[in-house]
Amino acid sequence: MPVATQNAQAGPSRHRNRQELSQQQDGSDDERLQKPQVLAEEGWTIETFTDLPVVKTLPTLAFIAGLVGKCKELITRIEEGMEKAMAAATLIEEASPDHEMLEQFEKEFRSGIERKQQMLIKIQVLESMHMQLRQNQDLDNPMGFYKQETARREQEYRGKTLRQKFKEDQDYINFRTAIWEVNHEGTAGPPTTAYLPREDEDGSDDEEIEVGMQTQNFRCPITLRPYVNAVTCVDCKHSYSKDAIMSILSNGRKRSVKCPFSGCNTAVTATKLQPDKELQRKTDAFVRRQAEREAREAEDDED
């Protein structure tokens, strides 16, 4: 049949044409990499392409805010590890004062502080970019700026001495205070520099005014008993047992009351109170050690 014969004759030709077309379109990976890819509508090539400035848009602001949130999540995890190291260190100090293992836990705790600081640097850079966009300022080469600025700040931090990093760091102060209080309750501890060797870059000790660690009071100023469900005022940083301060606030339906701490005139409201888990943990440890000490003294009296 003529039609069938014609199709049969045309079939191989069309197959070869499709193969040739496919080869022309595909080419090898090396060929595609060697040939500049042109964006016809703009006239750009990969070699000449540069990032366009990032302008203020809601999705962009949300994206940066999301990155900040991720960094804060990592900080929370780091702090959880630091809390475990502190708890283990205080237990070791209680069982065997000045045990050599304390040095290793301190190194781990300081490493946690350093990782936390790296995350804080990233947050600072991201927030500066976020603020720039909110002020309707375009971001030129945002990725390059982020990498360069975080690298510069991290290098500056790594170049600091131990004293420059940790002397006034509140986390480190809390760590040394917690260990000191195990066997020296009610007595102010030495300054943090006592645990941090002086390096050449630190200068002379005569140039520094060193203040010892402050003593920690574990009793509520209202009940005069150890804290129960401790809460802290965000304004004055004074703490109270939750039920005690809430009882004063609810008495007479007062919106605010003067801080119960002597000499403090801060107006305390329920919205300014935040749970203080760290203080409550220290209080519980204080109560436990006090009970154990009283039990030992009672045994000694019997003997």
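## Basis

Buried means under 20% relative accessible area, exposed over 50%, and partly exposed in between (1.4 Å probe, protein chains only). The model is predicted: local features need pLDDT of at least 70 and side-chain atom pairs count only at pLDDT 80 or more, while totals for chains, interfaces and linings use all residues. Residues are numbered from 1 along each chain as its sequence is written, and side-chain values use heavy atoms, with hydrogens and water left out.

## Nonpolar cores

A nonpolar core is a set of buried Ala, Val, Leu, Ile, Met, Phe, Trp, Tyr and Cys residues joined through side-chain atoms within 4.5 Å. The largest has 31 residues, of which Phe109, Ile113, Leu126, Met129 and Phe175 touch the most other members. Two or more residues each come from helix 3 (58–95), helix 4 (101–134), helix 5 (142–158) and helix 7 (170–183); helices (H or I, at least four residues) and strands (E, at least two) are DSSP runs, numbered from the N terminus.

A second, separate core of 18 residues includes Ile245, Val257, Cys259 and Val268.

## Salt bridges

There are 14 salt bridges, each a side-chain nitrogen of Lys or Arg within 4 Å of a carboxyl oxygen of Asp or Glu. In one of them, Lys116 pairs with Glu79, with the closest N and O atoms 2.8 Å apart. Lys116 lies in helix 4 and Glu79 in helix 3, so this pair ties together parts 37 residues apart in sequence. Lys116 is buried at 14%, whereas Glu79 is partly exposed at 29%.

Glu154 and Arg158 also form a salt bridge (3.9 Å, N to O). Glu154 is buried, at 14% relative accessible area; Arg158, at 49%, is partly exposed.
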